[in-house]
Amino acid sequence: MELAVMLWFTLSLPAFGSDSGMIPHSVASVGTAIGILGLLQSATSPLFYELCAELTFPVPEGTSAGILALLWNLASFIIIFLSPVINKTCMNPIMAGCILAVLLMLLTVKEVYRRPRNATPSILSAGPMKGSECDAP
């Protein structure tokens, strides 16, 4: 769905040197597309963190989340760094292409649940910490 909304957004704005988008647009439709994209991208972030944690199971979740955040920030840095060099009308098609590339890579992932079924996070299995209100008589 995110790809469909990104395509709607991309095709409604001028691209590749044209003066108008391929589909008619208004300020309200572009604002709606931006709002829906924000909601969809924010909704998928926790799912990607969880998938990354499951795919790299023996590695702690914090490490896999840190690597994923590093990769997202690196990709954002590259796009921001290259934005003055890239023609403004090409930026939306590039972003739509990036989303499509990620979707295609995601389709090749085969998730295997490697955790034992009775595994609990280490902080829960350690019991209450010393000095916490749980220790109070």
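I started with burial in helix α2: Ser29, Val30, Ala33, Leu37, Leu51, Cys52, Ala53 and Glu54 are buried (under 20% relative accessible area, 1.4 Å probe, protein chains only). Helices here are DSSP runs of H or I with at least four residues, strands are E runs of at least two, and both are numbered from the N terminus.

I noted the source next: this is a predicted model, where local features need pLDDT of at least 70, side-chain atom pairs count only at pLDDT 80 or more, and totals for chains, interfaces and linings use all residues. Residues are numbered from 1 along each chain as its sequence is written, and side-chain values use heavy atoms, with hydrogens and water left out.

I checked the length of α2. Its 29 residues reach 41 Å from first C-alpha to last, close to the 42 Å expected (1.5 Å times one less than the number of residues).

I then looked up α2 (residues 27-55) against α3 (residues 61-82). Their axes come within 9 Å and cross at roughly 125° (lines fitted to C-alpha atoms over the stretch in contact, angles from 0 to 180 degrees between N-to-C directions).

I listed the contact (heavy atoms within 4.5 Å). From α2 come Ser45, Phe48, Tyr49, Cys52 and Ala53; from α3 come Glu61, Ser64, Ala65, Leu68, Ala69 and Trp72. Cys52 and Ala53 also stand among the buried residues of α2.

I closed with the whole protein chain. I found five helices and zero strands, in the pattern α-α-α-α-α. Of its 137 residues, 20% count as buried.

Note on methods
Buried means under 20% relative accessible area, exposed over 50%, partly exposed in between (1.4 Å probe, protein chains only).
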